Amino acid sequence: MHTYEHSVLLDGSKCTGCTTCLKHCPTEAIRIQNGHAVINQERCIDCGECIRFCPHKAKKAVFSKLDNMKRFKYKIALPAPTLYGQFDNLDDVDYVLDGLLKIGFDDVYEVSKAAELVSAYTRLYLKTDGIKKPIISSACPVVVRLIGLRFPSLSDNVLHMLPPMEVAARLARERALKNNPELKPEDIGVCFISPCPAKVSYVKNGFADYKSEVDEVVSISDIYFLLISEMSQDSEIKSLSESGIIGIGWASSGGESTAIFNENYLAADGIDNIIRVLDQIENGNIPSLEFIELNACPGGCVGGVMAMENPFVAKARLQSLRRYLPVSQNFIDNDNYIPESYLFNELPEYQPITRLSDSMAKSMRMMADIQKIKNSLPGIDCGACGAPSCRAFAEDIVKNGVNFDGCLIMRVGDARKETDNDS
């Protein structure tokens with residue numbers, strides 16, 4: 001059985017068991033045990049919220065080092081459009097792209113270029129008969145995993161389009177082989193420069209029956225200082241950029257949605273907000289919409305925990321950068337069908353975290369027991385028991401045999417009663 005490899009890990013030596021991460025985990029994947037946080041790997045969606053909020057830096061994103069690319073003869077960089085928003089006073093994307101060549105890459109293929117192609121095919125996808133609407137974007141791997149674990153009934157709504165990172169990786173490899181016929185496929189290494197740990201997990205694990213074409217994922221924060229030292233505005237640079245407003249707009253929430261040229265869309269960012277939206281879609285309590293764009297990070301990809309800059313500052317910089325760009329520089333050749341290379345066939349299968357048992361009768365009994373225990377608890381969701389809520393603690397008691405005495409409030413109350421009785 002395949003073990004899912006995560007990109008968000010805990011450094012136990014720094015953890016104080018303060019419960020901050022406990023309160024912010026959207027899938028209740030964290031518990032405090034023996035004074036330290038413990039992550040349930042089956043529930044973790046690598047959203048990075050625990051990294052964002054941990055005051056002791058005990059949670060960290062795991063990603064590749066740039067030196068890993070040395071094993072390849074021909075190295076290709078895939079810069080996420082978020083990268084352009086990290087630099088102050090940047091007035092030309094080519095400074096960044098040229099800088100990537102100077103730090104050792106042989107070629108650069110913009111993810112924003114692929115994003116424009118994905119946008120064009122998404123417009124075509126929305127016109128397809130028989131698809132279930134609203135269509136939910138598959139670009140954010142956190143959202144796709146969250147749907148599988150917590151909202152499996154919405155799986156049919158997910159857009160079966162590969163994310164721009166994957167499209168860019170494939171097109172970059174094809175270009176490298178065409179321009180360098182002496183190369184073999186194994187000579188080419190593709191490196192995605194990412195703001196997000198979930199992309200690392202995506203590449204490590206693949207996507208259902210699809211294996212990623214990206215070889216390594218490095219952090220924007222790791223590559224930032226290398227680029228700064230090479231990005232001189234006094235030197236001549238090559239004209240490399242092949243994307244426009246649409247592609248670069250994907251870095252911020254709403255960028256993907258506006259590119260479908262359809263007003264019947266909704267764009268939400270931030271993990272708590274997207275959970276509320278998914279709840280409404282599942283309950284049928286949402287307006288008639290064509291397209292839903294959901295980004296787990298605040299502000300969109302600019303808010304990723306592996307980025308350098310404040311997401312709102314980065315978004316403002318990108319808006320300024322886009323001002324003088326064309327709307328798009330990439331167009332599809334055929335508007336009648338979507339090439340198979342842009343689509344994936346199956347969604348990954350996950351065990352829904354709300355399922356208590358494979359047996360309906362047993363699940364019903366467990367639900368009744370959980371409710372009974374929950375009603376007996378204080379209901380203040382203090383986290384002192386090591387679970388994020390009284391409901392989660394009750395579930396831990398029923399499913400995992402956790403000791404009921406873990407509720408400190410109840411223990412204090414019982415101790416007071418005993419003291420009163422003794423007196």
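## Close-up views of a predicted model

View 1. Ser243 counts as buried, because its relative accessibility is 0% (buried means under 20% relative accessible area, exposed over 50% and partly exposed in between, with a 1.4 Å probe and protein chains only). The model is predicted, so that local features need pLDDT of at least 70 and side-chain atom pairs count only at pLDDT 80 or more, while totals for chains, interfaces and linings use all residues. Residues are numbered from 1 along each chain as its sequence is written, and side-chain values use heavy atoms, with hydrogens and water left out. Ser243 lies in the loop between α8 (220-230) and α9 (245-249), where helices (H or I, at least four residues) and strands (E, at least two) are DSSP runs numbered from the N terminus. The side chains of Ser243 and Glu110 are joined by a polar contact of 3.0 Å (a pair of N or O atoms within 3.5 Å; within protein, one must be able to donate a hydrogen and the other to accept it, and residues adjacent in sequence count only if both atoms are side-chain atoms). With neighbours within four places in sequence left aside, the residues in contact with Ser243 include Glu110, Lys113, Glu116 and Asn330 (contact means heavy atoms within 4.5 Å).

**View 2. Ala114 in helix α4.** Ala114 is found in helix α4 and is buried, because its relative accessible area is 0%. Its contacts, leaving aside neighbours within four places in sequence, are with Pro164, Val167 and Ala168. The C-alpha atoms of Ala114 and Glu166 are separated by 8.6 Å, although the two residues are 52 residues apart along the chain.

**View 3. The open sheet β7-β11-β10.** Three strands form this open sheet in the order β7-β11-β10, with parallel pairing (two strands pair if DSSP finds at least two bridges between them). The edge strands, each pairing on one side only, are β7 (135-136) and β10 (265-269). Strand β11 (residues 291-295) pairs with β7 over 2 bridges, and Ile135 has Phe291 of β11 as its bridge partner. On the β10 side, 5 bridges join β10 to β11, with Ala268 standing opposite Leu294. From β10 the chain crosses through helix α11 (residues 271-283) to β11, and this β-α-β crossover is right-handed, a term for a path from the first strand over the helix to the second that runs clockwise with the strands pointing away from the viewer. Phe291, Glu293 and Asn295 point one way from β11, whereas Ile292 and Leu294 point the other way, and all are buried.

**View 4. The largest nonpolar core.** Ile76, Leu78, Ile136, Leu278 and Leu294 touch the most other members of this core of 90 residues (a nonpolar core is a set of buried Ala, Val, Leu, Ile, Met, Phe, Trp, Tyr and Cys residues joined through side-chain atoms within 4.5 Å). Helix α4 (residues 111-125) gives the most to this core, with 8 residues. Apart from this core lies another, of 28 residues, among them Leu97, Leu100, Val108 and Cys191.

**View 5. The ring cluster at Tyr224.** Ring pairs link Phe87, Tyr224 and Phe225 into a cluster (rings of Phe, Tyr and Trp, the last by its six-membered ring, pair if their centres lie within 6.5 Å; planes under 30 degrees apart count as stacked, over 60 as edge-to-face and the rest as tilted). The rings of Tyr224 and Phe225 have centres 5.1 Å apart and planes at 85°, and the pair is therefore edge-to-face. Tyr224 counts as buried at 14% relative accessibility, whereas Phe225 is exposed, with a relative accessible area of 54%.
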